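Have the sequence and the 3D view open as you read.

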Amino acid sequence: MSAGTDALKHIVVLMMENRSFDHMLGFAKSPAWPINGLTGSENNADSAGGVAQVSNDATYAGDLTPDPGHSGFDSLTQLYGNPNTPVTQNPTMSGFVQSYEGKNVQPQDAHRIMKCFSAQNLPVLTGLAQQFCVCDNWFSSLPGPTFPNRAFMHAATSMGRVDMGIDWSNLSPTIYERLKEHGLDSVIYYHDSTMASTFSGLAGDPGYFGSFDNDFLPACADNDLPPYSFLEPRFANSAGGNGQLAYSASDQHPDHNVREGEALIQTVFKAIWGNLKLRNSTLLVIVYDEHGGTYDHAAPPTTVSPDRKDWTNDPNSADRDPSFDFTRLGVRVPAILISPYIPPRIDHTLYDHASAIATAFKLLLPNVPNINLTQRDKNANTFEGNLSLAQPRTDNIDLGPVIQSQPPTAAELAQPINDHLKALVQQAAMLEQKLPADQRSGIDPSTVQTESQAAAYLSAVDARIHP
Amino acid sequence: MLRGECRWRSKWVSAVALAGCLFIFLSPAKAQTPSSSSTAVTGTTDWDQWKRNCSLFHDFGQKFFSCATSTFTARPFHFLAQTVVPGSGVGGGGRYSVDLNAKNGTQNQLQATSVVTIRGFWYAELKFSSQHAITADWNKSGESLGLNLFVRNRSLPNLPFYGLGSNTNVNNAVRYKQRDTSAGIQVTTPFPDVSWLSAGGTIEGLWPEVGGVSATNVISIQQEDTEQTAPGLATQPPFVHEQIFLNPHARFLTRFELNYKVAYNFYQDASTGHYSFRRLEINAEHRFYPQKKKYGGVIEQNYFSVLWRYSVSDASAGHAVPFYLQETIGGSDIDNQPSLPAFKDYRFRGPDLMTVQTEYDRKICDVCEPCKKGLIRTVCDHLGLVLDYDAGKVALRDSDLDFSGMHQSFGGGISIYLAKDVVFRMAVGLGGGEGTHPYFNVANFL
């Protein structure tokens, strides 16, 4: 144990959406900051024989419409070129352009999937990565989409699922339930939606849920965070109205504005860093759920199956996701560890989302044996060793100019909803159906087509689910 | 106080009917199942939604509630159930608002509103509002630069006037009519390097018109009053109104909130100068939220507030403050600010004012999840309790503003909530020595 772990009282995990490590941080590699990033020569071939090379000219929005594929089928295509390649083979990371072409994108246009950000365009993420600990070997927990990867962050398993089905009521036990069993509280703070609302183990207790603006930020100011907090970004562009301001989605899911996510990360950091007592007792983890189809050069390694529950493809269904035994990790994602007890450093240890759970158990319940949820978190590397300083840092953290959240434009509000947002709307509809008929919103979710309509619907249902 | 409220006093029957309608219109209890063919529908636009929800061809009975919700919330246009000023009666109208957001941190909105009441009062406003994010380091509060441009016109054909001062007789009311037009600009900005202070200013032109009422069974102001007893009755010049203000505000120790506004006003008579005057206004509101969520913020629907209002006007020797620009207490004032609800609207009038207003608000039932559902719970989920005690006085000289001889009022009532917002409130004021005074508020977003 170290001074940092001794002082630790709170772990806060902020999980962003759908960007790979190289896409966000790869071009920040330099002799002074030798992360496992990009050399600039990495490339993928398109179907017309062209070569698409990585470039550092990604823009905040506009590059990634249509939404790049990141289902099991898409992710395995990106890893191997052929999605039916046995996952026992080492990935070649050669199918990103090919996969994007599968979204009805012309070969030349599909080169956009190789675009990555320059360091100066992501001052907050890069600034925190360089001034604290960046984990350049943190992989998503499976080659697949949002829900199963987020499920791993909640429960160290996706219960054998790689799909975006909306019902996750059977996902149990979660880290929240396990902490509760041992007398520790946890809260999921969210903006407009959280898949955790579907977890049957949490649904009966409003104490598991809080509003980001109305609860998380005041709790930070009041030094009243629970031992474990999970933060969800805003998933939909909201038009506001009736006295409410409009808000842009901050999840960074393609093609939402990446700068809004920068503003959110900055807000979270400042909320914790601005309270000295909280700062010195908190470990903030910023991580992305999965790569969202964006390019990364690092081949995901093998891993252990969490619970020997496999995904089996049904050849008679329209589902294209190949059978999968959960022994291969998904594409690498950005992950940053922040605490005044962490010096600027690069951690090359292998992690996945289950590492966050394993570390939380180790730090918050150090004397409880066999507390793991699945084999995945039992075998996961933990990262508490990065809290290595004997005294908390007091140096100035420079993240550049303040990034202010901006309202969505009319075009952004009218944007058709992406698959993830569609699933969140359906999830809300499912939850609403469980309410007595006289307490429902009266909105037909099947007609929600745009971002602003989705935001309005999610808000209406949330007011009833979590009044 | 109910935020953004408008208020009227009316007959019990019409008010209770409106309360019932609002409750029914807005109650989620009346929503249909999402899979039902008669559900409210979010179509491609709110207009599509309204057409589908309010189609009269079939199922109108089942569509009634969806239609009502659409009618009062659709954008860019929706209907309003509001009043104009206290005493103007039940009213309705419409609001057209269009968002003009730009991708430079600015939220712009153009809004046109018009309301007319059953007693013939009406109000129209065109407003452009803009909120511009300030990212400079000096902006410690993170608040935006606000700009409002507005043009307003209202016609108030029958208002009571009880005379000036704190000792007027309730039975000596006369009636007058007022019409005013105003146009101006208001700017608010965060103050450099402090997070708890903002500042701003307003400049507007005012064109008031005041006169007698010719209706039967009422006594017109011109029959009883003169320029001496009602300054400004003889002529109403155009005014230039300039205001500068500071707005200290802070939240501390989680449960406490201060919201002060200190404003200095210049009302310049643009004609002869006879009615020019200056006014210092101080509003100091203190709120305490007794309930706090574990690991979260306070429960905003449960609070105790104390508001101290102090306003003194200063006209030079030989000049006068027009009666229609003087402060009032009783019911609510002409800007719909409640004070001493045991008294009739505008009951006491004078150039100077001091009130202390206390209020306790809370939603009756705490959130329960899961909890036993049923009629009682459904009703309870929508009900709030309000208790208030006010004391205050107006004065003809600022030296008379003290705590002696203050009028007092206490009362209570219920609020109707839609989710976390109060949409309607009905209460009774007592203790003023002038009978029982029922009063009703409705949120201005309806």
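**Starting from a helix**

In chain A, helix H9 (residues 212-221) has A:Phe212, A:Asp215, A:Phe216, A:Pro218, A:Ala219 and A:Cys220 among its residues, and these are buried. Here, buried means that 20 or more other C-beta atoms lie within 10 Å of the residue's own; 12 or fewer makes a residue exposed, anything in between partly exposed, and the C-beta atoms are placed from the backbone. Helices (H or I, at least four residues) and strands (E, at least two) are DSSP runs, numbered from the N terminus. Please keep in mind that this is a predicted model, in which local features need pLDDT of at least 70 and side-chain atom pairs count only at pLDDT 80 or more, while totals for chains, interfaces and linings use all residues. Residues are numbered from 1 along each chain as its sequence is written, and chains are lettered from A and ligands numbered from 1 in the order in which they are written.

What do the buried residues of H9(A) pack against? Their partners in chain A are strand E5 (186-190), strand E6 (209-211), strand E7 (228-231), helix H10 (258-273) and helix H11 (276-279), where contact means C-beta atoms, placed from the backbone, within 7 Å. After H9(A) comes A:Asn223, with a positive phi near 50 degrees.

E5, E6 and E7 lead us to the sheet. It is an open sheet of eight strands with mixed pairing, in the order E6-E5-E7-E1-E8-E9-E4-E10 (chain A); two strands pair if DSSP finds at least two bridges between them. E6 and strand E10 (345-347) of chain A each have a single partner strand, so they form the edges, and one side of each has no neighbour in the sheet. From one strand to the next, the twist averages 20 degrees. Further in, strand E1 (residues 10-16) of chain A runs parallel to E7(A), joined to it by four bridges. In this region A:Val12 stands opposite A:Ser229 of E7(A).

Across E1, E7 and strand E8 (282-288) of chain A lies H12(A), at about 170 degrees to E1(A); axes are lines fitted to C-alpha atoms, for helices over the stretch in contact, and angles run from 0 to 180 degrees between N-to-C directions. Eleven of the twelve residues of H12(A) are buried, including A:His353, A:Ile357, A:Phe361 and A:Leu364.

Now turn to strand E4 (residues 133-135) of chain A, where A:Cys135 is found. Is A:Cys135 buried or exposed? It counts as buried, because it has 28 C-beta neighbours inside 10 Å. Beyond its neighbours within four places in sequence, A:Cys135 is in contact with A:Ala335, A:Leu337, A:Asp347, A:Tyr351 and A:Phe383. A:Cys135 and A:Leu350 are 215 residues apart in sequence, yet their C-alpha atoms are 8.3 Å apart.

A:Leu337 also has a place in the largest nonpolar core, which has 132 residues; A:Leu337 is one of those with the most contacts inside it, as are A:Val13, A:Val285, A:Ile336, A:Val425 and A:Tyr457. Such a core is a set of buried Ala, Val, Leu, Ile, Met, Phe, Trp, Tyr and Cys residues joined through C-beta atoms within 7 Å. Apart from this core lies another, of 40 residues, among them B:Tyr176 and B:Phe440.

Finally, step back to the whole of chain A. Buried residues make up 60% of its 467 residues, and its secondary structure comes to 16 helices and ten strands.

Definitions and conventions: Two residues are in contact if their C-beta atoms, placed from the backbone, lie within 7 Å.
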